[in-house]
Amino acid sequence: MKQSEFTQGLTRGLPVGMGYFSVSFGFGAMAAAQGVRAWDAALISVSNLTSAGQFAGLTLIVAAAGLWELVLTTLVINSRYALMSLALSQRMGRDIGVLSRLAIAFINTDEIFALAMSRHEKLTFPYLMGLGALPMVGWTAGTLLGALAGEILPVAIRGALGVMLYGMFIAIVVPAARREKQVLAASLLALGLSALFAWVPALKQVSPGISIVVCTVAAAGLCAWLHPIHEEAAV
């Protein structure tokens with residue numbers, strides 16, 4: 001019996017949900033160590049669903065930064081999601097309405113975007129919501145449990161949990177890069193640009209959010225120009 005679109009999305013999103021649980025456990029533990037209550041940390045996760053933005057936001061909250069500073073920082077760091085949502089919209093049918101697109105934009109993350117774009121069939125609303133359901137549950141539940149256990153775990157374990165997100169994203173990108181040279185070229189180009197922002201003294205002053213956007217736009221734009229995908233092949 002053929003699986004429904006929503007069930008297919010759930011199946012694909014299960015590994016991401018499990019990975020998010022581990023990573024958000026580290027975020028919850030870190031939040032608890034900074035004096036944030038467990039349920040407040042869980043509220044941050046369920047209303048944001050973003051890794052880098054939440055870690056940066058937590059740092060500003062602990063530093064008693066102003067509201068506008070917090071808003072602008074998270075806006076810059078998370079601005080890459082606008083580019084991802086724009087790319088997703090090109091793969092979705094015209095029958096998906098505005099409210100449905102807003103729901104899809106909310107659950108759109110780096111890993112969910114990578115899985116969605118790797119699908120050869122047309123993206124549908126049930127599939128995308130299924131794809132994001134378990135990651136959202138895993139991210140929120142992991143944060144809550146991590147915050148509750150935050151005072152028990154040693155600092156070394158918290159730090160190890162914090163880098164698991166990057167390992168999970170590499171595990172998603174590498175297979176696609178091995179299959180398609182365009183993906184490999186875009187990944188290497190983005191890596192090289194990111195290294196420039198990390199090592200060149202003049203570029204070190206650029207905020208992480210802006211550097212991510214610059215690397216993404218430059219790598220994706222150049223590869224799209226050199227290896228364009230025709231519209232009929234993208235749907």
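Predicted model: local features only at pLDDT ≥ 70, side-chain atom pairs only at ≥ 80, totals over all residues.

**Entry 1: T109.** I started with T109, which is buried, with a relative accessible area of 2%. Buried means under 20% relative accessible area, exposed means over 50%, and partly exposed is in between (1.4 Å probe, protein chains only). I found T109 in the loop between α6 and α7 (110-117). Helices here are DSSP runs (H or I, at least four residues), strands are E runs of at least two, and both are numbered from the N terminus. Which residues does T109 touch, leaving aside its neighbours within four places in sequence? I got Y20, L49, Y81 and M84. Contact means heavy atoms within 4.5 Å.

Residues are numbered from 1 along each chain as its sequence is written, and side-chain values use heavy atoms, with hydrogens and water left out.

**Entry 2: L49.** L49 was on the T109 contact list, and I looked it up next. L49 sits in the loop between α2 (38-48) and α3 (51-62). Is L49 buried or exposed? L49 counts as buried because its relative accessibility is 3%.

**Entry 3: I107.** I107 is in helix α6, and at 5% relative accessibility it counts as buried. How far apart are the C-alpha atoms of I107 and L49? They are separated by 7.0 Å, although the two residues are 58 residues apart along the chain. Not counting residues up to four places away in sequence, I107 touches L49, I112, L128, M129, G132 and M136.

**Entry 4: α6 against α8.** Two packed helices are described by the angle between their axes and the distance between the axes. I looked up both values for helix α6 (residues 98-107) and α8: the axes come within 9 Å and cross at roughly 35°. The axes are lines fitted to C-alpha atoms, for helices over the stretch in contact, with angles from 0 to 180 degrees between N-to-C directions. α6 passes α8 in a left-handed crossing; that means the near helix is turned anticlockwise from the far one by less than a right angle, and clockwise would be right-handed. On the α6 side I listed S100, A103, I104, F106 and I107, which meet F125, L128, M129, G132 and M136 in α8.

**Entry 5: rings.** How many aromatic pairs does a search of the whole structure find? It finds 3. Rings of Phe, Tyr and Trp (its six-membered ring) pair if their centres lie within 6.5 Å; planes under 30 degrees apart count as stacked, over 60 as edge-to-face and the rest as tilted. Y20 and W139 have ring centres 5.4 Å apart and planes at 70°, so the pair is edge-to-face. Y20 lies in helix α1 (residues 5-33) and W139 in helix α8 (residues 125-148), so this pair ties together parts that are 119 residues apart in sequence. Both Y20 and W139 are buried.

F21 and F25 make a tilted pair, 6.4 Å centre to centre with 45° between the planes. Both lie in helix α1, 4 residues apart, about one turn of the helix. F21 counts as partly exposed at 30% relative accessibility, whereas F25 counts as buried at 18%.

**Entry 6: A29.** I stayed in helix α1 for A29. A29 counts as buried at 0% relative accessibility. Its C-alpha atom is 9.5 Å from that of G142, which is 113 residues away along the chain.

**Entry 7: whole protein.** Last, I zoomed out and noted 13 helices and 0 strands. Buried residues make up 36% of the 235 residues. Of the contacts with a separation of 6 or more, 76% are between residues 24 or more positions apart. The protein exposes about 13500 Å², and carbon and sulfur atoms supply 72% of that; the areas come from the Shrake-Rupley method with a 1.4 Å probe, and for residues only the protein chains shown count as cover.
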